[in-house]
Amino acid sequence: MIFAIARKIHNRGAVQVTISTTSSMMVLMTSRPQCLPTAPIDFELLPRSAEVDLAGRLRVGGVDVLDAAQEFGTPLFLYDEDELRASFREAVAVFGEGVAYATKAFLTPAVARIAAQEGMSFDVSTAGEYACCRRVGVPASRLVLHGNNKQPEELRLAVEEGPQWIVVDNFDELERLTAITEELQREVNILVRANPGIEVHTHRYIATGNRDSKFGFPAWNEDANRAIEQVKKAPFLKFLGVHMHIGSFVLALDTFIKALEAAAPLFDHHHPEIFVVGGGLGMRYLNGDECPTFREWGEAITGWGRRRFPGSRILAEPGRTMVARAGITLYTVGVVQRKGGRVFVAVDGGMSDNPRPVLYGSGYEVFSASAPLALRDLTIRLVGRHCESGDTLLEEGHLPAGITVGDIVCTPVTGAYGYSMASNYNLVPRAAVVFVSGGKARITTRRETLEDLFAREVDGE
């Protein structure tokens, strides 16, 4: 039967299939399909361990995802632990010691522990992110403190413990930090965040390097220079370098190089030891998307740095590219409703576990976990369970025509900014997080309970 499936798909021109046999199962590894909406899911969007067994069911990390959904419930964030480790190792290999994981993408004690084991530093911007890393033994010397409005207690703790460096964002913070270091008589490493003032092709909510951004000292006037001079004059602030971040989900390498060139005059004048280019590289979310690989991005940036500033270290703060592909989200279909010429498929999650489509109009694919190689010949709108008309995960997606209530569907490339941006809207408990590797699944963050929702209440029996 599985040979018939493979032959049918190949003949439709949707996907190429390679069949290999292991001692326990037959695995169909799919190469990139043509950009047809009804084509099966492109396996390059799934964790690298994704495979299809003899029963036609999807496995990730050797674990049957349908079994995982049954054991742990849905919605469920499922991560390939080996892929997480490989991504962190690649970042260290490309940029070297000091490269920092942008924890806002996805942070739990479990992922912090893994990233630390693979040699990463950590970009944190709140006391919570800082505490999460310290909780699992990450030394303060591997923490980079970020943010445009760091609270005094956050700055004080960082100065007391000695971070890798603090990225200073504005003059008010610079004054505050100078006072704290003088009071404590503690020296701290400083990077000055420069805003290059360039436009990038991304959603305006995630553009951080244009002239209308709240982040950083403008590089197009004297503010960035003045900030560096103030840092150099402060008795306990040690100027190490310049930081820059132009935005998230940027797909063009030349945009990054343009931003680097915009900051070059600061280097020519101050000769910093460190230049951190931030993160922001986009990902493939849809079958037809094109995007540079992490290594292509990293090598383009470090290569430019070696040519332009041979005496400086070029570092980065990748987030999305470390974790996005490693994660998928599993949902249970609760409603299949045909109305007004449209088919609505409602699942047991929604904007509370993935707000990106609502916030940015982000696009995703969806497929059936029990039939990942099936043609997706039914056009649907994938919606959530919340009392909100905008609670839509996919405006227009595709699933097999036989999709029905109780089926498990997956949205891939959801390892970044799903769990980390999750909410309790409508008082819906947040989903569990499960890591898979070597045929075993382990729960790293349990599902919230109704009792958890009211644990902080002090007056409300």
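## Surface patch

Together, Leu 427, Leu 450 and Phe 454 make a nonpolar surface patch of about 320 Å² of accessible area. Patches take residues with over 30% relative accessible area and no salt bridge, joining nonpolar side chains (Val, Leu, Ile, Met, Phe, Trp, Tyr) within 5 Å and like charges within 9 Å. A salt bridge is a side-chain nitrogen of Lys or Arg within 4 Å of a carboxyl oxygen of Asp or Glu. Areas are Shrake-Rupley values with a 1.4 Å probe, and for residues only the protein chains shown count as cover.

Leu 427 sits in the loop between strand E21 (408-412) and strand E22 (432-437); helices (H or I, at least four residues) and strands (E, at least two) are DSSP runs, numbered from the N terminus. Leu 427 is partly exposed, at 49% relative accessibility (buried is under 20%, exposed over 50%, partly exposed in between).

## Aromatic pairs

The model contains eleven aromatic pairs, counting Phe, Tyr and Trp (six-membered) rings with centres within 6.5 Å; planes under 30 degrees apart are stacked, over 60 edge-to-face, the rest tilted. Phe 106 and Tyr 419 are edge-to-face, because their centres are 5.9 Å apart and their planes at 90°. This pair links parts of the chain 313 residues apart. Phe 106 is buried, at 0%. Ring pairs also join Phe 106 and Tyr 419 with Phe 77, Tyr 79 and Phe 435 in a cluster.

## Basis

This is a predicted model: local features need pLDDT of at least 70 and side-chain atom pairs 80 or more, while totals for chains, interfaces and linings use all residues. Residues are numbered from 1 along each chain as its sequence is written, and side-chain values use heavy atoms, without hydrogens and water.

Note on methods: Buried means under 20% relative accessible area, exposed over 50%, partly exposed in between (1.4 Å probe, protein chains only).
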